[in-house]
Amino acid sequence: MRVWWGILLLGAVGAKADVTLKVINEITRPTWSYSRTVSVPAGVSVYEMMLQAQTDFRDFRFEGTYYSDLSSHFICSFNNLASNVTGNTYWGFENGVNYQFDRGVDLILVYDGDTIVFRYTKDQGTATLGSFTADQCAKFVN
Ligand code: B12
């Protein structure tokens with residue numbers, strides 16, 4: 001019995017996850033979207049999955065800033081399209097069914113079959129963009 005649990009545990013630890021990563025810009029022209037399957041160990045963070053995608057795919061680039069108070073990166077740009085204070089736009093972070101995550105990319109873990117979406121989004125005014133400055137994207141730490 002104990003042997004079986006051991007084998008099961010080993011299987012879980014070594015499990016692989018194929019994650020669909022989508023980046024969608026339907027706001028700034030020319031509009032574009034990007035979708036890739038990224039293979040990572042199950043249970044890594046979205047941030048680690050994005051680093052893996054950057055290694056695997058030369059046409060995928062992102063930039064982010066680490067906020068220690070929120071234990072996460074704020075993702076500022078994808079493929080050179082950045083948050084924009086004048087246009088009140090930012091990269092919203094969702095799962096595959098349009099649910100906006102309530103935490104940053106370092107705090108969400110991925111498993112096989114997950115879909116992670118970054119959608120260029122117009123801020124609805126629910127959050128103030130007042131303290132955002134254009135050079136915030138320059139504090140890249142990835
Ligand atoms: C303004 C704001 C935003 C603005 C940020 C402006 C900018 N930098 O471009 C916008 C609308 C873009 C935004 C986006 C998001 N936000 Co926000 N945001 C806020 C808000 C209302 C105020 C922050 C602020 O101005 N503080 C005052 C200044 C002086 O302090 P600051 O440290 O410089 O603030 C900066 C950081 O907070 C950073 N920031 C803002 N949101 C987030 C989210 C994460 C995960 C990180 C790491 C940093 C970060 O931007 C601020 C301005 O520069 C807070 C709520 C609150 N009352 O704190 C939520 C809040 C920080 N956001 C939150 C979340 C979840 C997000 C999103 C992940 C939502 C989503 N699913 O898309 C995204 C980030 C996605 C990404 N691209 O990585 C949560 C974080 C919860 C947590 N425990 O981690 C908060 C606490 C709201 C909440 N209660 O749910 N946000």
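**View 1. Strands S1 and S7 pair in the parallel sense.** In this predicted model, S1 is joined to strand S7, residues 115-122, over five bridges. Ile24 has its bridge partner in S7, and that partner is Arg119. Lys22 stands opposite Val117, which also belongs to S7. As a general point, strands of a sheet pair through backbone hydrogen bonds, either parallel or antiparallel.

**View 2. Strands S1 and S2 form an antiparallel pair.** S1 covers residues 16-25 and S2 covers residues 32-41, with 10 bridges between them. Asn25 has Trp32 of S2 as its bridge partner.

**View 3. Four strands make up an open sheet.** Their order is S2-S1-S7-S6, and the pairing is mixed. S2 and S6 are the edge strands, each of them pairing on one side only. On average, neighbouring strands of the sheet are turned by 20° against each other, direction ignored. Helix H2 packs on this sheet and touches S1, S2 and S7. The direction of H2 makes about 105° with the direction of S2.

**View 4. Helix H2 has buried residues along one face.** H2 runs over residues 46-56, and its buried residues are Val46, Tyr47, Met49, Met50 and Ala53. Seen down the helix axis, these buried residues fall within an arc of 160°, so they line one face of H2. The elements that cover them include S1, S2 and S7, together with strand S3 (62-67) and strand S4 (72-78).

**View 5. The largest nonpolar core has 24 residues.** The members that touch the most other members are Val19, Val46, Met49, Met50, Ile75, Trp91 and Phe118. At least two residues of this core come from each of S1, S2, H2, S4, strand S6 (89-95) and S7. H2 gives the most, with five residues. As a general point, nonpolar side chains in soluble globular proteins tend to be buried together.

**View 6. Ile75 and its contacts.** With neighbours within four places in sequence left aside, Ile75 is in contact with Phe62, Gly64, Trp91, Phe93, Val105 and Phe118. Trp91 and Phe118, like Ile75, are among the core residues that touch the most other members.

**View 7. Ser71 lies in the loop between S3 and S4.** Is Ser71 buried or exposed? Ser71 is exposed, because 11 other C-beta atoms lie within 10 Å and a residue counts as exposed at 12 or fewer. Not counting residues up to four places away in sequence, Ser71 touches Asp106 and Leu107. Ser71 and Leu107 are 36 residues apart in sequence, while their C-alpha atoms are 7.5 Å apart in space.

**View 8. The whole protein, for orientation, has two helices and seven strands.** Along the sequence, the elements follow the pattern α-β-β-α-β-β-β-β-β. The protein has 142 residues, and buried residues make up 22% of them. Among contacts between residues at least 6 apart in sequence, 60% join residues at least 24 apart.

Note on methods: Residues numbered from 1 in each chain as written. Predicted model: local features only at pLDDT ≥ 70, side-chain atom pairs only at ≥ 80, totals over all residues. Pairing = 2+ DSSP bridges. Buried ≥ 20, exposed ≤ 12 C-beta atoms within 10 Å, placed from the backbone. Arc of directions from axis to C-beta. Contact = placed C-beta atoms within 7 Å. Core = buried A, V, L, I, M, F, W, Y, C linked by C-beta atoms within 7 Å. Axes fitted to C-alpha atoms, helices over the stretch in contact; angles between N-to-C directions.
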